[in-house]
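Thanks for opening this one with me. Here are some numbered points to read alongside the structure.

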Amino acid sequence: MAEEAILGYLLDNEEITDSGQFSAEHNLSHDEVVNVIKRLHAFGYVDCQNIKRVSSVLTDEGKKYAAEGSPEVHYFLAVPAEGSISKDELQKKLSPSDWKSTTSVFRIGSIYAVKNNWVERGKQVSRKVQHVEDKVKNLLLQIQEGMEPDEESLNYLKTTRRLVEEKVWKGYSVKKGPNYAPKRMSFATDLSRENLQNWKELEFKEYNFNAKGQPVDAGHVHPLLKVRKQFKDIFRQMGFEEMPTNNFVESSFWNFDALFQPQQHPARDSHDTFFLKAPSTTRELPEDYVERVKQVHESGGYGSRGYNYDWKREEANKNLLRTHTTAVSSRMLYALAKKPFTPKKYFSIDRVFRNEAVDRTHLAEFHQIEGLVCDHGLTLGDLIGVLQDFFSRLGISNLRFKPAYNPYTEPSMEIFSYHEGLGKWVEIGNSGMFRPEMLLPMGLPEDVRVIAWGLSLERPTMILYEIDNIRDLFGHKVDLGLIKRNPICRIGIE
Ligand code: PHE
């Protein structure tokens, strides 16, 4: 309706000067006319220009006075023509119940009746004039009818009395546009079989090459998995084989004892480690190897003095959720030692568990990245070289090493990198050379050295994806939308 009216009008007329007037004359809603103008403009049928009108309208209070008269006149009329009336009585007469309200006729009326010099107000109230004119009401009625009073009166009603306020009205003036036609063509929008068959009769809508496509409804890979893939690729490029990490439950033996971690070590406390209730103990361990591990803990060997304590089998049998993937490395090295030795490069990236207080950077479970190389005669220099190669593939070339302690490595080094964003050296991993007390009971040749390192997967992922709370990355509070929206981040932490 509105569309036909506008296009039809422009056929015979130069311009619609005012969409508001046009709507009123054609009995159309202005909102509808505006919508149609916008649509026609988008298709080039019309050109349009904004017009804006500021008009005065009555506030609710203003409307009330326009209908019933101003409170000062009510007040004046309530004062007897002769003699006087007490304030209390006047109040009862005017607004008996709501005299405290802000629109009280008694309260407001008295202010302006006094200001206008209409009444004398002491304890008693009496008239000073006999006739008054309700100027406020008359002005309000004028405004209601669309007339503008003089500037001073308007200001008084707006700012002093707040009976009138400004309203901005927006509309358009409209002319023919470059594609003007008295009737709008409807375009075919679909490349359907029918439309293609009738293409000669149809006008097709132009393609909008800037339009965004429909979001693809598909599965999305979690940031941790994306970064894991990138780490895997790096390990593979460096010739590493992946270790099988598909057992979250591990015995204390492989998690601790095989790694020459003494049974009194605080990490073996239930405050730090989750022990299993059922099955609480492991079913089998390689007995001859267990015997050699017991020996090395109790009294040493291979040039070591051991720890000099009573090693208990029950402690080694306890099942737990593995606290590091180094448990897997110890199993792999033991398996390697059973065959004629060949050098190996192994890696793994999988979940580990620690009984820790959860905060914005710690969860009770996380993922560890672990790499190890075993070969004859490796040195600390090889470890540093491999670490430099590994981390430079992540875009991290500025490394520093700090002596550290692990029960199973000697020497041990924490790995630091200079973080440009934070402006300081941050720890990015832990490393070392496995001790002879760990390797020789397994049966590895005496000159075989194993260099190894470990880091968390969460930390680089959080840096890459700019996530500062680990609970936004992992666990039940993760917003799945984030996984859909986040882009692929290329490793290149620096
Ligand atoms: N297992 C160590 C950790 O949990 C990491 C590590 C792996 C250290 C290998 C040295 C050698 O932090």
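1. Let's start with helix α5, residues 71–78, in what is a predicted model. Is this helix largely enclosed or open? It is largely enclosed by the rest of the structure, because six of its eight residues are buried. Those buried residues are P71, E72, V73, Y75, F76 and A78.

2. Next, have a look at I37, which sits in helix α3 (residues 30–42). I37 counts as buried because its relative accessibility is 1%, and the cut-off for buried is under 20%. From I37 to A327 there are 290 residues along the chain, and their C-alpha atoms are 72 Å apart.

3. Now for the nonpolar cores. The largest one has 37 residues, and the members that touch the most others are F231, L387, F390, F391 and W453. Several elements give two or more residues to this core: the helices α11 (223–237), α16 (380–392) and α18 (458–464), along with the strands β10 (344–353), β11 (365–376), β13 (409–419), β14 (424–434) and β15 (448–456). As background, nonpolar side chains tend to be buried together in soluble globular proteins.

4. The ligand deserves a slow look. Which residues come nearest to the ligand? Of the 14 residues around it, they are H324, T326, R354, Q368 and Y408. In the side chain of H324, an N or O atom is 3.2 Å from a nitrogen atom of the ligand. R354 places a polar side-chain atom 2.9 Å from a ligand oxygen atom, and for Q368 the distance from a side-chain N or O atom to an oxygen atom of the ligand is 2.8 Å. On its own the ligand has 330 Å² of accessible area, and the protein covers 91% of that.

5. What is the shell around the ligand made of? It has nine polar residues, three nonpolar ones and two charged ones. Strands β11, β14 and β15 each supply at least two residues of this shell.

6. With a relative accessibility of 7%, T323 counts as buried. Its side chain makes a polar contact of 2.9 Å with the side chain of N255.

7. A few backbone details are worth checking on screen. A278 and P279 are joined by a cis peptide bond with omega about -10 degrees, and P279 is in the loop between α12 (252–255) and α13 (287–298). Another cis peptide bond joins E410 and P411, with omega about -5 degrees; P411 is in strand β13.

8. Two residues other than glycine have a positive phi value: N117, near 65 degrees, and F260, near 60 degrees. Are they buried or exposed? N117, in the loop between α7 (105–115) and β4 (119–121), is partly exposed, with a relative accessible area of 44%. F260, in the loop between α12 and α13, counts as buried at 4% relative accessibility.

9. Finally, a link to the records. An unreviewed UniProt entry lists residues 226–487 as "domain: Aminoacyl-transfer RNA synthetases class-II family profile". Over residues 226–487 the chain is 30% helix and 26% strand, with the end C-alpha atoms 10 Å apart.

How values were computed: Residues are numbered from 1 along each chain as its sequence is written. This is a predicted model: local features need pLDDT of at least 70, side-chain atom pairs count only at pLDDT 80 or more; totals for chains, interfaces and linings use all residues. Side-chain values use heavy atoms; hydrogens and water are left out. A nonpolar core is a set of buried Ala, Val, Leu, Ile, Met, Phe, Trp, Tyr and Cys residues joined through side-chain atoms within 4.5 Å. Buried means under 20% relative accessible area, exposed over 50%, partly exposed in between (1.4 Å probe, protein chains only). Helices (H or I, at least four residues) and strands (E, at least two) are DSSP runs, numbered from the N terminus. A residue is near a molecule or strand if one of its heavy atoms lies within 4 Å of it. A polar contact is a pair of N or O atoms within 3.5 Å; within protein, one must be able to donate a hydrogen and the other to accept it, and residues adjacent in sequence count only if both atoms are side-chain atoms. Accessible areas come from the Shrake-Rupley method with a 1.4 Å probe; for residues, only the protein chains shown count as cover. Ala, Val, Leu, Ile, Met, Phe, Trp, Tyr, Cys and Pro count as nonpolar, Asp, Glu, Lys and Arg as charged, and the others, Gly among them, as polar. UniProt positions are given in the numbering used here, feature names are shortened, and annotations may be inferred rather than shown by experiment.
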